[in-house]
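Here is a short report on selected features of one structure. Please keep the sequence and the model at hand while reading.

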Amino acid sequence: MHEGGGGKVAKVKWDRTILEERARARGIEMTELHWQVLEICHDYYRKHRTLCTLRTLIKLSGLEKKEIYRLFPGNPIGEISQITGLPKPREC
Amino acid sequence: MPRVENEIKKSQALWPVYLKGVCQGRTPYDHGGYVNIPELPAGAAVRATRVADILEESGYLRVLSPPGGWMSADLLEKLADAADDLGEGIVHFSTGGSIELYAKREQLVPLTRRLNSFGLDVGSTGNDLRCITACAGPLRCEYALVDAPWLAAFLGMHFIDEQQFPGYGQKVKMGCSGCSFDCISAVKQKDLAVVGVYRGIPLVDEKLWEEWLRHGYSGSELESLCQHKAIKVEDDSLPTIDPDLCRSCMSCIRACWALCPGRERGVALWAGGKYGNRGRAGPMSGVRLLPFVPVSEKGLAKLTRVIEDLLELWADNCLRKERIGDFLSRVGREKVLESLGIKDSSGSGEEG
C-alpha cells in the first residue's frame with residue numbers, strides 16, 4: 001500500500017479489491033464517499049504515520065460525526081484501521 | 001431490605017458467575033468493556049468473564065434515565081417487562097444516574113428497539129457526554145431555584161448526538177442542581193455542572209424575622225452561621241447582608257425562614273469537577289465559568305453555546321485521556337475564559 005523509508009512515504013494507489021473485500025467482511029459496502037474518507041485518512045497517515053482521530057477526520061472531511069458513523073458504523077476509526085491496516089492513533 | 005444475592009439469584013445468567021467470583025475471592029470478570037456494535041455507537045457494553053465454562057461474556061445496555069430520577073410506575077413496568085423478555089431479568093441503577101439492563105449480545109439491539117418504542121434511549125458509554133443527572137427539583141424540594149430535571153431534559157435533547165456518538169478523547173459527565181446546596185454534588189463530581197442560583201443577596205421578610213426571633217433564635221446566631229461573614233445583625237434588628245461578601249451559598253436561608261433567595265433566578269456553569277483518581281491532580285472540585293445565566297430562551301442559548309465551545313476547546317487541546325478538570329488546571333481558568341470570550345465579572349469565582 002505504501003513504500004519508502006526515512007520518514008517519507010510515497011503515495012501509491014489503493015488496492016481497492018482487497019479493501020472492498022475487507023470492508024464487505026465487516027458489513028460495509030464501499031461507496032465513493034467511503035473512498036474519499038479513506039483517501040483523507042491515508043493522506044493524514046503519509047504526513048503523521050498514524051491514523052487521525054475522529055475529531056480530526058470530521059474537520060478534514062467536512063462531514064458530520066453522524067455521517068461518518070453511518071459510513072463506518074460502531075467505531076469509525078477502528079473500522080478504518082481494520083480495513084486499511086493503518087495504525088490507530090495513540091488517543092484510541 | 002432486599003439482599004443483593006437474593007436479587008441476583010433470580011437471574012440465572014449472572015448468579016453462578018457472581019458465586020464463582022465470591023468463592024474464588026477475585027473478580028469473575030476480565031479486562032475490557034465496551035464493544036463495537038454497529039447499530040449502537042454508544043450505550044452497549046459486553047464484559048468478558050474469566051469463567052467461560054459458566055458464561056463467556058456479560059452484556060448490558062445503558063439506558064439514559066429520565067432526569068431527576070422521576071419515572072412513572074407504568075414506564076417502570078414496561079422497563080421491567082423488557083428486561084424480563086429480552087434481557088437477563090436484572091436491572092442495575094448505576095451511581096452515574098443511568099439504568100443498566102443486562103442482556104445477551106444478540107439481544108442488545110432488539111432490546112434497544114423495545115426501549116425506543118416507549119420513549120427511552122441508550123447511550124452514556126465511552127468517550128462521550130454521559131447521562132445528564134439532575135436533583136429531584138421543585139417537585140419535591142422547597143429550595144429549588146430552577147427546575148433542574150427540566151433543564152437536564154433540555155440539555156439532554158440538545159446534546160443527544162454527543163451522548164450517543166462518542167467523539168471526544170475522554171468521557172464528559174454533566175449534572176444539573178436546582179440550587180447552591182448541590183445535593184447531587186454536581187460541582188464536585190461532574191465535568192460540567194449547571195447549578196441554580198439567584199442574583200444579588202437574600203431577601204428578608206420583616207414579619208417573619210420577628211416571628212423567627214420570637215421562637216427563641218437570635219441575630220448573633222444567624223451572623224455566626226454565615227461562613228463568609230456577610231450578615232450583620234445589630235440588637236436583633238433586621239439583618240443587613242453585604243453583597244460583596246455574600247456568595248449565595250444559602251446557608252442562612254436554610255437556617256432562617258425569614259430569609260428567601262433573590263427573585264432573579266438563573267443558573268451558573270461550573271466545569272472541571274471529578275471524583276476519579278486518574279489524572280495529574282486526582283479528584284478536584286469544579287471552577288465557575290459563568291456566574292449567572294437567566295433561564296430564558298436567550299440565556300439557554302448562551303449556556304449551550306458556552307458548553308459547546310468549551311467542549312470543542314477541550315477536545316481540540318486535551319492531552320491523552322485528559323478530563324476537563326485536568327485540562328482546566330493545566331491551561332488555567334483565566335486562559336479558558338479568554339478563549340471562550342467570557343469576561344469574568346464574578347471575582348475569584350472559586351466558591352459559589
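## Helix H12 of chain B

In this predicted model, the buried residues of H12(B) are covered by several elements of chain B. Among them are three strands: S7 (192-198), S12 (265-271) and S13 (287-294). Helix H11 (297-317) and helix H13 (333-340) also belong to the cover.

H12(B) itself spans residues 324-331. Its buried residues include Ile324(B), Gly325(B) and Asp326(B). Phe327(B) and Leu328(B) are buried as well. Just after the helix comes Gly332(B), with a positive phi of about 105 degrees.

## Helices H1 and H2 of chain A

H1(A) covers residues 16-25 and H2(A) residues 32-48. Their axes come within 13 Å and cross at roughly 110 degrees. H1(A) is therefore roughly perpendicular to H2(A). On the H1(A) side, the contact is made by Arg16(A), Leu19(A) and Glu20(A). H2(A) contributes Glu32(A), Trp35(A) and Leu38(A).

H2(A) also holds His34(A). Is His34(A) buried or exposed? Its relative accessibility is 6%, so His34(A) counts as buried.

Side chains of opposite charge can pair when their charged atoms come close. Over all chains, the structure holds 22 salt bridges.

One of them joins Arg26(A) to Glu79(A), with the closest N and O atoms 2.8 Å apart. Arg26(A) sits in the loop between H1 and H2 of chain A, while Glu79(A) belongs to helix H5 (residues 76-84) of that chain, so the pair ties together parts 53 residues apart in sequence. How accessible are the two partners? Arg26(A) has 37% relative accessibility, so it counts as partly exposed. Glu79(A) has 6%, so it counts as buried.

Glu67(A) and Arg70(A) also meet in a salt bridge, at 2.8 Å from N to O. Both lie in helix H4 (residues 65-71) of chain A. They are 3 residues apart there, which means a separation of about one helical turn. Glu67(A) is partly exposed, with a relative accessible area of 23%. Arg70(A) is exposed, at 53%.

## Salt bridges involving chain B

In chain B, Glu5(B) forms a salt bridge with Arg3(B). The closest N and O atoms of this pair are 2.7 Å apart. Glu5(B) is partly exposed, with a relative accessible area of 22%. For Arg3(B) the value is 51%, and the residue is exposed.

## A nonpolar surface patch on chain B

Leu76(B), Val91(B) and Phe93(B) form a nonpolar patch on the surface. Together they have about 260 Å² of accessible area.

Leu76(B) lies in helix H3 (residues 73-85) of chain B. Its relative accessibility is 39%, so Leu76(B) counts as partly exposed.

Methods: Residues numbered from 1 in each chain as written. Chains lettered and ligands numbered in written order. Predicted model: local features only at pLDDT ≥ 70, side-chain atom pairs only at ≥ 80, totals over all residues. Heavy atoms only, no water. Patch = residues over 30% accessible without salt bridge, like charges linked within 9 Å, V, L, I, M, F, W, Y side chains within 5 Å. Areas by Shrake-Rupley, 256 points an atom, 1.4 Å probe, with all protein chains shown as cover. Salt bridge = Lys/Arg side-chain N within 4 Å of Asp/Glu carboxyl O. Helix = DSSP H or I, 4+ residues; strand = E, 2+ residues; numbered from the N terminus. Buried < 20%, exposed > 50% of the residue type's maximum accessible area, 1.4 Å probe, protein only. Axes fitted to C-alpha atoms, helices over the stretch in contact; angles between N-to-C directions. Parallel < 35°, antiparallel > 145°, perpendicular 65-115°, else oblique. Contact = heavy atoms within 4.5 Å.
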